[in-house]
Amino acid sequence: MDKIIEIKNLSKSFGDKKVLEDINLYIRRGEFITLLGPSGCGKTTLLRMIAGFLQPDEGSILMDGKELAGVPPHERPLNTVFQRYALFPHLDVYDNIAFGLKLKKVPEEEIEKRVRRVLKLVAMSDYEDRDVETLSGGQQQRIAIARAIVNQPKVLLLDEPLAALDLKMRKDMQIELKEMHKKLGITFIYVTHDQEEALTLSDTVVVLNEGRIQQIGTPVDIYNEPVNCFVADFIGESNILKGRMIRDRRVAFIKHEFDCVDEGFGEDVKVDVVVRPEDIYFTTDPAKCQFKAKVNSCIFKGVHYEMWVDTDTGYELMIQDYDPYPVGSEVMLYIDPDDIQVMKKERLCNTLYGTVKDAETVTLLDADFPLKSGFEPGTEVKVEIPFEAVDLMDNLDDGIIDGEVHFILYMGDHYHLTIKTDDGDFLWVDTNDIWDKGDLVGIRLNPENSKKEIKITKKDEQAQ
Amino acid sequence: MSKRSNWSIPYAIFLVFFVVLPLVLVMVYAFQDSQGHFTLGNLAKFFTDKDALSTFAVSIEVALENTALCILLGYPAAWILANKQYNKSAVTIVLFIMPMWINALMRTLATAQLFTMLGITLGKGTLLFGMVYDYLPFMIYPIYNVLAKMDKSYAEAAVDLGATPWTAFWKVTVPLSMPGVTSGILMVFMPTVSTFAISEFLTNNKIKLFGTIIQENINSSMWNYGAALAFVMLIIIGITTLFDKDKEQLEGGLI
């Protein structure tokens, strides 16, 4: 395989904050690859390291097999299209585009020819003498692309280039970018937080979150076979549910059993299940019906209707269908085995390490939690806390430690929240209460909420 | 009487009495002889008075030199202050600005004392030193303001397109920071033309500046000639502000 860029074990921190952790990635020559993730996931940092504006703490970036670390940005054979274009306001369109060529001492006639050619490519001929500040956002965008590709880079880096444009223009530019990529035949590395854009444009999508690669694949793979809840939730709409693999090709969720195509999870293993809303079908044939539900809301979305249904077993599911079903009606539903995506559970409970303070207290996350461990004070322990046993309080003073709601997943009958504590640790919570992303919460433990107990074991016993 | 525009009345009154009226008086005195008759004699006197003209030339020369020195010293200082890599706290900026909190006369007197103590003869060199010392913050601050607000991606884009950091600085950062430099020039050049205290203290009146002659004339009750000289200076200052006609560019310049 022809790899143009190879990234190995790349890590980067800003102060105490790890922005990228152990990134391994290769980029094929000529492909359109997208780094996709929510803001703060490290995608721009990764792009800036490839461009050379940031140096990695660990790991290496190879281009055509050669280490890039010591190469300053102005000597790297790649060019960047910046987020806010960064066109030089003191130069006109022509001089902006010619900037790179003039530095390379390309002869004047050659510069003129090449500038004309790229202006034609971005459909901006006749704009040569215009002041860049008189151009619209879309036009500035085109000039920024022209300024980069006129230097004939091996790789073009694009940092959310369409983020500042309105929806209609963004869609048009997407198509044009895709065509430009085809015409130029160079490698595009594209950064965006817009999942639809990523799916539309890319040959390969790299999903990033919290500084780690979640999944690498074609847009179809990423959409149809997300590897975890984050990817499933981030890409498109989805019903994410708790499930249990009964045996190969048989999975239980929403208190029903379904045939599926997944194998190799083992028998009676807890899993997460993703079903896309367009993959739940209505039927009138009782033989086909797998479960019944009652329509609870129905909203017209343009192409399809979006319906929320309550299943006979008490779960809420989202369904998209071309035909509406009246609110309150009883419907029969089925899901194709192909359309059930089974994922390995990332964790079954919160696992924390701490020390026993006294008979009634254990120190965890630098705070004292009232837990009866039965061990001597000073013993290092591992504490396994079920998701349900973590209690979130409106009032920060009621909690033992404070945190912020970081990520929310609706699991059909409850919410699965990721809480980031003030110290940057993560806790996962199952709750029926409705929280919003960014809410500040007090955190304490409430073992009565959970069917499972909080398990405390000696740390070194675990190690053996 | 509750219209908001009425709130501006006190300011308008202030402007009329303390800005417009004095300027009109300068004009009136400049074109009158001591008997109060209209004359162009005061201006004619200036343009035929060799001493006055040479003082004027020296003033302009000193002001130009001072401005040039302030740019040479102030620009790098402003660049370092605006660069987070080198300047991690706001305290250093305050340290640069702090001399402005102390009365310029006090600073100048202290500087003169220092030179005398060190046995350095007062003259052109000490004059320029004192001027740069007094006016440098006025150059640093507007340039710092423009540089600190400038989008870092301009310089990055230049480097990305193949410019060395040095070329990127000259081809992108410097041209884009010109509004700050223009503001700085206005704030340094104009007051140095009219200064008199610094030259008095730091050269023991060996070097006379234009401001000194105005002051001397006014002090010896030659109001009309003094006013005419002040009028000439106003014209000069008016001309320098013309360099700055592109008002939009000044955005983010001064404050």
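These legends describe close-up views of a predicted model.

Local features need pLDDT of at least 70 and side-chain atom pairs count only at pLDDT 80 or more, while totals for chains, interfaces and linings use all residues. Residues are numbered from 1 along each chain as its sequence is written, chains are lettered from A in the order in which they are written, and side-chain values use heavy atoms, without hydrogens and water.

**View 1. Domains 1 and 2 of chain A.** Domain 1 spans 3-229 and domain 2 spans 237-344; the bounds come from an automatic or database domain assignment. Their centres, taken over C-alpha atoms, lie 39 Å apart. Eight residues of domain 1 are in contact (heavy atoms within 4.5 Å) with seven residues of domain 2.

**View 2. The area buried between domains 1 and 2 of chain A.** The two domains bury about 630 Å² between them. Buried area is the accessible area (1.4 Å probe) lost on putting two parts together, summed over both. Carbon and sulfur atoms hold 52% of it. Tyr223(A), Pro226(A) and Cys229(A) supply 76% of the area that domain 1 buries against domain 2.

**View 3. Helix H2 of chain A.** Just after H2(A), Lys105(A) has a positive phi of about 60 degrees.

Notes. Helix = DSSP H or I, 4+ residues; strand = E, 2+ residues; numbered from the N terminus.
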